[in-house]
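This text walks through a structure, taking the fold of one chain before its interface with another.

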Amino acid sequence: MKLEQDKYASLDSPLHRWEPRCKFVGLVALIFAFSFVRELSMLPAMMTVTAAIYAISRLPVSFWLTRLRYPSFFLLVVVLLLPFLSGQTVILSLGPLGLRQEGLISVMLITVRFLCILTVGLVLFGTAPFLTTIKAMRALGLPGILTDMALLAFRYLNELGDDLHRMETSMRLRGFRQHRLSRRGLGVLAWLGGSILVRSYERSEWVYRAMIVRGYGNAPPPRDEFQVSAGDVVALVVTFLVAIGFVAGDILI
Amino acid sequence: MHIPDGILPATVCAAGYAAAAPVTWYSVRRINQRENPRADIPKASLLTAAFFVVSWIHIPLPPTSVHLVLNGLLGVVLGYFAFPAILIGLFFQAVMFQHGGLTTLGVNAIIMGLPALVSYYIFRMRNILEKKSQLITGVFGFVAGFAAIGISVALFLVILLTNIPAELDVATERTAIYTLALAHLPLMVIEGVFTGLVAVFLQRVRPQLLDSI
């Protein structure tokens with residue numbers, strides 16, 4: 001499985017150029033403001049703001065569509081079940097099932113909130129290299145242990161994924177097929193998983209020695225990694241105001 | 001078993017972060033109390049990546065196949081690193097695969113991470129016994145894996161069904177929780193067996209992995 005997180009991180013757009021710390025704080029504030037919305041009348045504004053942000057980011061629509069593949073199953077379950085289970089006001093009877101008004105409203109709220117948060121999240125992490133965003137999170141005060149672990153884990157995900165792919169291919173070449181659950185089959189898969197753990201553990205010893213040689217733990221990280229311009233601050237303030245507008249609008253309506 | 005964005009009210013998402021923060025702080029504090037915490041970070045990081053990769057293995061469960069959660073095994077192998085590892089794993093899943101969510105990261109970390117710590121404590125009870133045969137390791141591994149996924153399922157269902165914006169009556173809600181929990185029983189058994197088998201494998205091949213972190 002190949003990770004394509006940074007596929008469009010090198011495009012040129014105002015969101016790609018936005019300073020990573022300001023972008024992180026601004027868009028995360030907007031994401032939480034979206035999760036606060038409970039009024040149907042706020043949804044068109046949410047969709048408009050989200051669409052505008054995505055258009056400004058110049059990320060292709062195909063990128064958005066491919067990212068919907070994994071979560072769409074859960075969304076489908078919610079859309080199919082909730083209108084029949086939630087609420088008292090039946091607006092349409094389909095045999096023993098009743099389509100309920102409250103359930104439909106909930107589905108609309110959940111679906112739009114979900115899609116808007118997902119889209120803004122895609123812009124946040126798709127318009128800069130993933131490592132840059134993690135460094136921005138470290139600069140914003142995320143504990144060193146978490147950022148070091150995240151950076152190292154991300155660095156080795158692809159390689160360990162390739163290891164798994166190679167080992168699965170080897171198993172198939174040696175005749176391993178599993179179409180039903182059996183104790184032996186589960187045992188073989190457990191050994192496969194255990195082997196990946198042992199390989200990563202052994203590799204980590206080499207990695208640690210290499211990191212020590214390069215001064216890991218001795219030098220503090222550079223502090224002036226990011227430069228904030230007036231435009232970055234203006235964009236942050238505007239995003240904050242939009243986020244506050246959604247929260248205030250939802251309370252006042 | 002990850003709650004996506006948009007489902008839970010903002011207050012519950014905030015409560016999730018508020019609950020995950022002290023657990024993260026406690027885990028980091030325990031890690032920093034170790035003799036050389038920096039030496040363990042590469043091991044914990046690569047093992048975090050390895051767990052992420054191992055969870056891609058398909059386990060056939062006709063007519064479909066399942067991916068394992070492995071939070072019990074994480075607790076067994078990573079100890080106090082398990083909670084930060086799960087936090088990072090969930091963050092990766094939310095960002096790379098849109099599985100789970102950014103606003104629900106705290107809630108999901110509690111659902112997956114707290115049971116991992118429980119598994120760590122369960123598996124550590126093995127140290128009370130003088131003789132650590134493969135059978136004993138397998139049994140403790142099974143219990144740790146089974147308990148972790150069991151607690152995760154219970155937390156997931158309770159949080160989801162009590163916060164979903166549906167006016168379900170108490171009886172329906174309780175029946176739904178029991179039914180869905182029962183439906184997860186095969187997964188709990190598979191996770192338990194898999195955790196036990198991996199623990200035995202590690203004891204035979206690299207026993208340091210069960211005691212090093």
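The model is predicted. Chain A contains 10 helices and two strands. Followed along the sequence, the order of these elements in chain A is α-α-α-α-α-β-β-α-α-α-α-α. The radius of gyration of chain A comes to 24 Å, whereas the globule rule gives 18 Å for 253 residues; the value for chain A is well over that figure, so the chain is more spread out than a compact globule.

Along the principal axes, the C-alpha trace of chain A spans about 60 × 60 × 30 Å. Buried residues make up 33% of the 253 in chain A, where buried requires 20 or more other C-beta atoms within 10 Å of the residue's own. Among contacts in chain A with a separation of 6 or more, 76% are between residues 24 or more positions apart.

The interface with chain B comes next. Here 62 residues of chain A are in contact with 54 residues of chain B. On the side of chain A that touches chain B, the elements giving two or more residues are helix H2 (20-36), helix H5 (72-85), helix H6 (101-126), helix H8 (144-173) and helix H9 (183-213) of chain A. Of these, H9(A) gives the most, with 18 residues. By residue class, the side of chain A that touches chain B consists of 39 nonpolar, 17 polar and six charged residues.

Methods: Residues numbered from 1 in each chain as written. Chains lettered and ligands numbered in written order. Predicted model: local features only at pLDDT ≥ 70, side-chain atom pairs only at ≥ 80, totals over all residues. Contact = placed C-beta atoms within 7 Å. Helix = DSSP H or I, 4+ residues; strand = E, 2+ residues; numbered from the N terminus. Nonpolar A, V, L, I, M, F, W, Y, C, P; charged D, E, K, R; others polar. Rg over C-alpha atoms; globule rule 2.2 N^0.38 Å. Buried ≥ 20, exposed ≤ 12 C-beta atoms within 10 Å, placed from the backbone.
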